[in-house]
Amino acid sequence: GAAPDEIVKRLLDVLEQAVTSLSRMDEGPVISASSQAPPPHRFDFVHNPDLRPVAEQAYTDSRRALEQEHFDLALRTSCGILEAIVTDALEHKGLSALAASDTPAGKIADWSFDTRLSVAERAGLIRRGCARLPAVARTYRDLTDADGESGSRATISERDARLAGQVLHVVMRDLDPGR
C-alpha cells in the first residue's frame, strides 16, 4: 500500500546499507554474534583450570573425528578426555579420602585407566556408566605405537567410538550434576 516513490526510497536505503556492510568486509568479519557457532562444550566442573581448555578442544576434536568417520581417533580422544576428567576428580578428592574406596598403592597417575574408573565408581564420584565402555576402550592406550600413531592391533568400529562418546557424556554428567 506504499506509494511507488516510497518503495524506491526504501530499496535505495537497503542497497546503501548493503554497500556499507560489504565495504567493511576488509576490516574483518561481518557476522553477528547470534549467527556464530555456539561456544565449545564447557568443562567448568574440572578442578584444574589448565585442563579445561585442553578438554574443550579435545571434545571438539573427538566430535569432528566421529563425524569424519575416524573412529579410532574419536575413541582414543573420548577415552583420553574421560581419563583426564576422572583423574582430575580423583586428585581433587585426595588419596586420603579415597583410602576407604579400596585404592591401590602409589600415585593416582600411576594407576591404569581401568583402575581409575573403578576407584572413581567405588568412591561415588561417578556411577556405573563405565560398565558400557567397550573392552577396546578400556585399553585405548595400547592402540597407539611408540610414536603415538594409531596401531593396527585393533579395528575400532563406529559402535565402539559412539559408545565411548556416550560414556564420556554420562561421566561428565556425573561429575557435574548441576548441568
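A crossing of two helices is left-handed if the near helix is turned anticlockwise from the far one by less than a right angle. Keep that in mind for this tour of a predicted model.

**Stop 1: α2 and α3**

Select α2 and α3. α2 passes α3 in a left-handed crossing. Their axes come within 8 Å and cross at roughly 155°. Angles over 145 degrees count as roughly antiparallel, so α2 is roughly antiparallel to α3.

Now show the side chains between them. On the α2 side, the residues that meet α3 include Leu 51, Ala 55, Tyr 59 and Leu 66. On the α3 side, look for Phe 71, Thr 77, Ile 81 and Asp 88, among others.

**Stop 2: α2 and α7**

How do the axes of α2 and α7 cross? They come within 11 Å, at roughly 150°. These two helices are therefore roughly antiparallel to each other. Their crossing is left-handed.

Select Tyr 59, Arg 63 and Leu 66 in α2. They meet a set of α7 residues, including Ala 161, Arg 162, Leu 168 and Met 172. Tyr 59 and Leu 66 are also on the list of α2 residues that meet α3.

**Stop 3: along α7**

Stay on α7. It has 18 residues, so at 1.5 Å a residue it should span 26 Å. Its end C-alpha atoms are 26 Å apart, which agrees.

Colour the buried residues of α7. Among them are Asp 160, Leu 163, Gly 165, Val 167, Val 171 and Leu 175. What covers the buried residues of α7? The cover includes α2, α3 and α6.

**Stop 4: the core**

Click Val 171. Beyond its neighbours within four places in sequence, Val 171 is in contact with Leu 82, Ile 85, Val 86, Ile 126 and Cys 130.

Next, select the largest nonpolar core, which has 43 residues. Phe 43, Leu 75, Leu 82, Ile 85, Leu 90 and Val 171 touch the most other members. Two or more residues each come from α2, α3, α5, α6 and α7. Which element gives the most to this core? It is α3, with ten residues.

**Stop 5: Ala 131**

Finish in the loop between α5 and α6, where Ala 131 sits. Is Ala 131 buried or exposed? Its relative accessibility is 51%, so Ala 131 counts as exposed.

Leave out residues up to four places away in sequence, and Ala 131 touches Glu 121 and Arg 138. Then pick the C-alpha atoms of Ala 131 and Val 167. They are 36 residues apart along the chain, and 8.7 Å separates them.

Note on methods: Residues numbered from 1 in each chain as written. Predicted model: local features only at pLDDT ≥ 70, side-chain atom pairs only at ≥ 80, totals over all residues. Heavy atoms only, no water. Core = buried A, V, L, I, M, F, W, Y, C linked by side-chain atoms within 4.5 Å. Buried < 20%, exposed > 50% of the residue type's maximum accessible area, 1.4 Å probe, protein only. Helix = DSSP H or I, 4+ residues; strand = E, 2+ residues; numbered from the N terminus. Contact = heavy atoms within 4.5 Å. Expected span 1.5 Å × (residues − 1). Axes fitted to C-alpha atoms, helices over the stretch in contact; angles between N-to-C directions. Parallel < 35°, antiparallel > 145°, perpendicular 65-115°, else oblique.
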